[in-house]
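Please look through the sequence and the model below before reading on. The paragraphs that follow take up one part at a time.

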Amino acid sequence: MALEKFELCDRDLPKALLDRYLQAEAIAVDTETLGLNPRRDRLCLVQLCDPEGYTSALRLEKGQAAAPRLKQLMEAQNITKIFHFARFDLAALNYHLGIQVNPVFCTKIASKLARTYTGSHGLKALVQELEQIELDKSAQSSDWGNVMALSETQLAYAANDVRYLISLRQKLTTMLEREERWELAQSCFDCLPTLVDLDLQQFGNVFEH
Ligand code: MN
């Protein structure tokens, strides 16, 4: 891990870090939680990365219900927040911290619309093909609950999950434009907040027969 470009913080972003990230056109975001059910499993860590590669991990306290500076950044209308499978992270940020993330770019949706020649749309496969980098996902299913005692391996994993998203967005956007699917992708991103509201209110099946 390039430690000089990595910052660990607690409860909320320090003012200087918020100011730094507010300058960016886009910010890569990922979260680590105790599990895959946002209403059951708490949010432990939020990782961020700006276009210069300045990466941070924000440790949240158990029961913490707000992070005002993170909220300001996540809701800034002039900054695109890039996620891989935004649907999950948006639900966690909304449910636990009352954050309505917007605008959003999801590399998983973009990959599904652009890379129709494959069925592999996980972050590892995407980074492998478009960045020629092998991601180590071995810490993915580890215990993120004891945030003050996260291992070096866990922090390196957490940082790597946001490090390539900005580059992936550029490459996927180029592919989407080439295939004239960019507007469709944009429409999908725009409806994510509605989809997340439905998920959180357990209306996951309204589009089904
Ligand atoms: Mn992750």
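In which strand is T80 found? T80 belongs to strand β5, which covers residues 80-83. The model shown here is a predicted one. With a relative accessible area of 16%, T80 falls below the 20% limit and therefore counts as buried. Setting aside neighbours within four places in sequence, T80 is in contact with E25, A26 and I27, with P103, V104 and F105, and with R169.

Apart from neighbours within four places in sequence, L70 has contacts with D12, L13, V46, L48, L58, L93, L97 and I99.

Helix α5 shows how buried residues can be arranged along a helix. The helix runs over residues 123-131, and its buried residues are L123, L126, V127, L130 and E131. Viewed down the axis of α5, these residues fall within an arc of 95 degrees, so they line one face of the helix. An α-helix has 3.6 residues a turn, so residues three or four places apart point the same way. Among the elements that cover the buried residues of α5 are α4 (107-114), α6 (152-163) and α7 (165-178). Just after α5, Q132 takes a positive phi of about 55 degrees.

E32 is buried, at a relative accessible area of 7%. D161 is buried too, at 6% relative accessibility.

Charged side chains are the next topic. Side chains of opposite charge can pair when their charged atoms come close. The structure holds 14 salt bridges. One of them links D50 with R20, where the closest N and O atoms are 2.7 Å apart. D50 sits in the loop between β3 (43-49) and β4 (55-59), while R20 sits in helix α1 (residues 15-22), so the pair ties together parts that are 30 residues apart in sequence. Are the two partners buried or exposed? D50 is buried, with a relative accessible area of 5%, whereas R20 is partly exposed, with 28%.

K171 pairs with E131, and their closest N and O atoms are 3.2 Å apart. Because K171 lies in helix α7 and E131 in helix α5, this pair ties together parts that are 40 residues apart in sequence. K171 is partly exposed, with a relative accessible area of 33%, and E131 is buried, with 15%. E131 is also one of the buried residues listed for α5, and α7 is among the elements covering those residues.

The side chains of E179 and R178 also meet in a salt bridge, at 2.7 Å from N to O. E179 counts as partly exposed at 35% relative accessibility, and R178 is exposed, with a relative accessible area of 55%. Elsewhere, salt bridges that share partners join R20, D50 and E52 into one network.

The cysteines remain. How many disulfides does the structure hold? There are zero disulfides. C106 is in no disulfide, and the nearest cysteine sulfur, which belongs to C188, is 9.4 Å away. C106 counts as buried, at 1% relative accessibility. C191 is partly exposed, with a relative accessible area of 40%.

Notes:
Residues numbered from 1 in each chain as written. Predicted model: local features only at pLDDT ≥ 70, side-chain atom pairs only at ≥ 80, totals over all residues. Heavy atoms only, no water. Contact = heavy atoms within 4.5 Å. Disulfide = S-S within 2.5 Å. Buried < 20%, exposed > 50% of the residue type's maximum accessible area, 1.4 Å probe, protein only. Helix = DSSP H or I, 4+ residues; strand = E, 2+ residues; numbered from the N terminus. Arc of directions from axis to C-beta. Salt bridge = Lys/Arg side-chain N within 4 Å of Asp/Glu carboxyl O.
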